[in-house]
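Please read this briefing with the sequence and the structure side by side.

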Amino acid sequence: MSEQEFLDNYDQHAFDAPLISVDSVLFTYHEAVLKVLLVLRSNHPDQGLWGLPGGFVNLQQDQTLEDTVRRNLKEKTDVVPPYIEQLKTIGNASRDKRGWSVTVAYTALIAHQDCEARISSVSDAKWVAVDALPEMTLAFDHAQIVEQALERLRQKALYSIVPAYALPEKFTLPELQHLHEVLIGKPLQKKSFRRRIEQAELLIDAGEKRHEGGRPASLYQMKAMSGEYTFVRNLEG
């Protein structure tokens, strides 16, 4: 039998297969608070609980898992986030009441203003401050997935400016520093933080200013590929 004959006669349903889905932890920074996007489950299981945006792989539409992530997030936010990273794969017989389930979790970042209109116009999606999550009961194992994604982002904040993808396209250095401080959990020395950012040449001066506390602050934009840069020493050092 040739390989083609084998493939033509292969029955992909001959063996048990787990449920395969993706779940995305989409973060944004708004009103000086780190927030995560949650969606209300309209169907069983866990109907009526808030959970992460995600869904099953569509065999007709999706060529990759990233296609599934982007499709699901665009349906909820109307845009595709500029930063998406695979977090981990979780699979067991207990996380989903429907049966043996595998989910591939992703971390994503987006500016609040890029999807504000879409999120505010629907009742089944909302931004929730990460500090408020311990008081909520989330669907499935989504609370643990959010915590793991948050820890990944905290680590990124120590050695990169990846968190800047959660800011508007143009932002101030105080905004960038405060976002890092929120993630790291402690204040950073202003002069040291700015010196490290400037020496790495990761930002472009947008040539505009915004008044903050009565004083004008310069606006910056990320350079292409600057999210891939890693500092030799942690920013908190």
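The model described here is a predicted one. Two helix pairs are taken up, α4 with α5 and α2 with α3, together with the largest pocket, which holds about 540 Å³ of space, and Pro-168, which is placed in a loop.

**Helices α4 and α5**

- Helix α4, which spans residues 142-159, packs against helix α5, residues 173-184, at an angle of about 130°, and the axes of the two are 9 Å apart.
- The way in which α4 passes α5 is a left-handed crossing.
- On the α4 side the contact is made by Leu-150, Leu-153, Arg-154, Ala-157 and Leu-158, while α5 contributes His-180, Leu-183 and Ile-184.
- Sorted by class, the residues in this contact of α4 with α5 are 6 nonpolar, 1 polar and 1 charged.

**Helices α2 and α3**

- Helix α2, residues 65-77, packs with helix α3, residues 112-120, at an angle of about 65°, with a distance of 8 Å between their axes.
- Since 65 to 115 degrees is the range that counts as roughly perpendicular, α2 and α3 are therefore described as roughly perpendicular to each other.
- Glu-75, Lys-76 and Thr-77 of α2 make this contact with Cys-115, Arg-118 and Ile-119 of α3.
- By class, the contact of α2 with α3 consists of 2 nonpolar, 1 polar and 3 charged residues.

**The largest pocket**

- The largest pocket, with its space of about 540 Å³, is lined by 24 residues, of which Arg-41, Leu-52, Gly-54, Gly-55 and Phe-140 are the closest to its centre.
- Two or more residues of the lining come from each of the strands β1 (19-30), β2 (33-40) and β4 (54-56), and likewise from helix α2.
- In terms of class, the lining of the largest pocket divides into 7 nonpolar, 9 polar and 8 charged residues.

**Pro-168 and its surroundings**

- Pro-168 lies in the loop that runs between α4 and β8, the latter being residues 171-172.
- When neighbours within four places in sequence are left aside, Pro-168 is in contact with Ala-111 and Gln-113.
- Glu-147 stands 21 residues from Pro-168 along the chain, and the C-alpha atoms of these two residues are separated by 24 Å.

Methods:
Residues numbered from 1 in each chain as written. Predicted model: local features only at pLDDT ≥ 70, side-chain atom pairs only at ≥ 80, totals over all residues. Heavy atoms only, no water. Helix = DSSP H or I, 4+ residues; strand = E, 2+ residues; numbered from the N terminus. Contact = heavy atoms within 4.5 Å. Axes fitted to C-alpha atoms, helices over the stretch in contact; angles between N-to-C directions. Left-handed = near helix turned anticlockwise from the far one by under 90°. Nonpolar A, V, L, I, M, F, W, Y, C, P; charged D, E, K, R; others polar. 1 Å grid on protein atoms, 1.4 Å probe; cavity = no way out; pocket = protein on both sides within 12 Å on 5 of 7 lines; lining within 4 Å. Points joined across faces, edges and corners; volume = space filled by probe spheres on them. Parallel < 35°, antiparallel > 145°, perpendicular 65-115°, else oblique.
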